[in-house]
Amino acid sequence: MIMAEGTSEKSSATVEKEVQDKLSDSDVEFIGQKHHSVLIDGFSTFLQNGQFCDVTLVTKQQRFPCHKVILSSFSAFFKSMFTIGMKESEQDEINLGVFEDNLIKKMLDFIYNGKVTSVGDTVDLLPLAVYFQIESLQAICEQTLSNAINLDNVCSLWKTSKEDFPQLTNLQCACQSYVLQNFCKFAKTADFLELESQDLICLISHQKLKASTEAFVCMAVTKWFQFNLTERKELLYEVFHNVHFPLLKMQFIEEKFPFFQETALQSLMDETRSFSENLGIQADFHSVRSEFRPCYDREKVLVVLGLF
């Protein structure tokens, strides 16, 4: 190669180092975002114009020309369908007539555009995200619903995620955490009275339960039983042995607790009576029920115990 006088040829390694020195992390991030934007725009254009399509999703009233490679990139369901020799891998059309047209359209909008437009859409799309195994969409739905949890919907979200979508462990944990942190408010709702016994046990035995006092926990559980005592009475010991009775005054139990004479609870009542009447043994008393819950102010509890 002929070089002009006074110049020298730089090695490719030197040029690369100079470029790297001039590029900041933000520059690299911008380039990555630009690349991502070009891909998304390209996917969206292909979908809108029906370009290079090699498969059509057929719903009740609509047909959606798509691309196997794009569907397979986002959906484990479609990837398996198109790669493990299923009959659909050789077909030009896939029948999805069991799904509503608008839901398949919203799902494709996410796959090709990466967007979910509203909280309502996340509720609608969650079953499709699970069925078609679209992990990125499932994660968005879970996070959006987790952020929208309140007293009015936490019970239904918790129940639905456990019974219908057991793989949504993040949503289940978010619902449980919300109830534990807001137990005093939740215990006053109608949904609390409808809880399954195992869910109630899970809450009142949890180390992260936030309750004002053990008396509140005791009376909340009592109301839960009274709501359907006929069917729940056989669960008295199974549930109440998670209440920390030794932290309560015997006077309170005898006056306010309607089940203190129930045969099934006598071992718990004897334990409580022994604990309250023998202050000298409390330090050596070995029972989970005699321990303070982490949420309690220990100094205040000690004052109460001193009044036994």
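This is a predicted model: local features need pLDDT of at least 70, side-chain atom pairs count only at pLDDT 80 or more; totals for chains, interfaces and linings use all residues.
1. Start with the strands. There are three, and they form an open sheet ordered β2-β1-β3. The pairing is mixed. At the edges sit β2 (63–66) and β3 (93–95), each of which pairs on one side only. From one strand to the next, the twist averages 25 degrees.

2. **The β1 and β2 pairing.** Strand β1 covers residues 55–58. Four bridges join β1 to β2, and the two strands run antiparallel.

3. Which strands does helix α5 touch? Helix α5, residues 101–113, packs on the sheet and touches β1 and β2. The direction of α5 makes about 20 degrees with that of β2.

4. **Two helices side by side.** Helix α7 (residues 135–147) packs with helix α9 (residues 169–181). Their axes are 9 Å apart, and the packing angle is about 10 degrees. Angles under 35 degrees count as roughly parallel, so α7 and α9 are roughly parallel to each other.

5. **What lines that contact.** From α7 come Glu142, Leu145 and Ser146. They meet Thr169, Asn170, Leu171 and Ala174 in α9. The residues of this α7 and α9 contact divide into three nonpolar, three polar and one charged.

6. **Salt bridges within α5.** The model has ten salt bridges by count. One of them joins the side chains of aspartate 109 and lysine 105, at 3.3 Å from N to O. Both residues belong to helix α5. They are four residues apart, so about one helical turn separates them. Aspartate 109 is partly exposed, with a relative accessible area of 26%. Lysine 105 also counts as partly exposed, at 42% relative accessibility.

7. **From α5 to α6.** Lysine 106 forms a salt bridge with aspartate 121, and their closest N and O atoms are 2.8 Å apart. Lysine 106 lies in α5 and aspartate 121 in helix α6 (residues 119–131), so the pair ties together parts that are 15 residues apart in sequence. Are the two partners buried or partly exposed? Lysine 106 counts as partly exposed, at 24% relative accessibility. Aspartate 121 counts as buried, at 10%; the cut-off for buried is under 20%.

8. **A link across the chain.** Glutamate 214 and arginine 293 form another salt bridge, with the closest N and O atoms 2.7 Å apart. This pair links distant parts of the chain, 79 residues apart. Glutamate 214 is in helix α13 (residues 214–227). Arginine 293 is in the loop between α17 (266–277) and α18 (298–305). Glutamate 214 is buried, with a relative accessible area of 3%. Arginine 293 counts as buried too, at 5% relative accessibility.

9. Which residues are joined by salt bridges that share partners? Lys106, Asp121 and Asp124 are joined this way into one network.

Technical notes: Residues are numbered from 1 along each chain as its sequence is written. Side-chain values use heavy atoms; hydrogens and water are left out. Two strands pair if DSSP finds at least two bridges between them. Axes are lines fitted to C-alpha atoms, for helices over the stretch in contact, and angles run from 0 to 180 degrees between N-to-C directions. Contact means heavy atoms within 4.5 Å. Angles under 35 degrees count as roughly parallel, over 145 as roughly antiparallel, 65 to 115 as roughly perpendicular and the rest as oblique. Ala, Val, Leu, Ile, Met, Phe, Trp, Tyr, Cys and Pro count as nonpolar, Asp, Glu, Lys and Arg as charged, and the others, Gly among them, as polar. A salt bridge is a side-chain nitrogen of Lys or Arg within 4 Å of a carboxyl oxygen of Asp or Glu. Buried means under 20% relative accessible area, exposed over 50%, partly exposed in between (1.4 Å probe, protein chains only).
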